[in-house]
Amino acid sequence: KPCSYCHVPYHHRMAPFSNMKLVPCLLCGKKWVPETILSTTEPPTRLPVRGSGVLIEARVCRSRPKATGEADAIAVSEALPFLEYELMRQLMLK
């Protein structure tokens, strides 16, 4: 089923976060889905979307040591997962 992408794998009363609101799936009516989904990718084409998408912009700034060339690229690559985590954390808390 195309809606299975969004089904949560636990009971709706046992959500891992206290501020997470789950609602019944509008397609199958059997499982629970988050009321809001944050994603850094496009939704699958077969997944029907209710309402319109909204662009959310967030920024994280970090200082880094001066480096050039390959050393600079390595420093940025190593920092990216932590920056992505910090952005998602900020968005989830807002």
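User: Which element gives the most to the lining of the largest pocket?

Analyst: This is a predicted model, where local features need pLDDT of at least 70, side-chain atom pairs count only at pLDDT 80 or more, and totals for chains, interfaces and linings use all residues. Residues are numbered from 1 along each chain as its sequence is written, and side-chain values use heavy atoms, with hydrogens and water left out. β1, β2 (32–34) and α1 (69–93) each supply at least two residues of this lining; helices (H or I, at least four residues) and strands (E, at least two) are DSSP runs, numbered from the N terminus. With six residues, the element that gives the most is α1.

User: Happy to start there! How much space lies in the largest pocket?

Analyst: On a 1 Å grid over the protein atoms alone, a pocket is an open set of points where a 1.4 Å probe fits, with protein on both sides within 12 Å along at least five of seven lines, and lining residues have an atom within 4 Å of a point. Grid points are joined across faces, edges and corners, and a volume is the space filled by probe spheres set on the points. For the largest pocket this comes to about 1800 Å³.

User: Which residues that line the largest pocket are the closest to its centre, and what is the lining by class?

Analyst: The lining has 40 residues, and P34, E35, T36, I37 and L38 are the closest to the centre. For the classes, Ala, Val, Leu, Ile, Met, Phe, Trp, Tyr, Cys and Pro count as nonpolar, Asp, Glu, Lys and Arg as charged, and the others, Gly among them, as polar. The lining is made up of 27 nonpolar, seven polar and six charged residues.

User: What volume has the second largest pocket?

Analyst: Its lining consists of V60, R62, S63, R64, P65, A75, V76, A79 and L83. By class, six of these are nonpolar, one is polar and two are charged. The volume of the second largest pocket is about 190 Å³.

User: E35 came up by the pocket centre. Which side chain does E35 meet in a salt bridge?

Analyst: A salt bridge here is a side-chain nitrogen of Lys or Arg within 4 Å of a carboxyl oxygen of Asp or Glu, and the E35 pair has an N to O distance of 3.6 Å. It links distant parts of the chain, 14 residues apart: E35 in the loop between β2 and α1, and its partner in the segment before β1. That partner is K21.

User: How many salt bridges does the count come to?

Analyst: Besides the pair of E35 and K21, E86 forms a salt bridge with R89, their closest N and O atoms being 3.2 Å apart. E86 and R89 both lie in helix α1, three residues apart, about one turn of the helix. The count comes to two.

User: How many disulfides does the structure hold?

Analyst: A disulfide is a pair of cysteine sulfur atoms within 2.5 Å. The number that the structure holds is zero. For C6, the nearest cysteine sulfur is that of C25, 7.7 Å away, so the count of disulfides stays at zero.

User: Is H7 buried or exposed?

Analyst: H7 lies in the segment before β1 (22–24). Leaving aside neighbours within four places in sequence, H7 is in contact (heavy atoms within 4.5 Å) with C25, C28, K31, W32 and V33. Buried means under 20% relative accessible area, exposed over 50%, and partly exposed in between, using a 1.4 Å probe and protein chains only. At a relative accessible area of 18%, H7 is buried.

User: What separates the C-alpha atoms of W32 and V8?

Analyst: W32 sits in strand β2 and is partly exposed, at 26% relative accessible area. Not counting residues up to four places away in sequence, W32 touches C6, H7, V8, H12, L22, V23, P24 and C25. Although W32 and V8 are 24 residues apart along the chain, their C-alpha atoms are separated by 6.0 Å.

User: And how far apart in space are L91 and A58, C-alpha to C-alpha?

Analyst: L91 belongs to helix α1 and is partly exposed, with a relative accessible area of 24%. Beyond its neighbours within four places in sequence, L91 is in contact with L38, I56 and A58. L91 and A58 are 33 residues apart in sequence, and the C-alpha to C-alpha distance is 7.7 Å.
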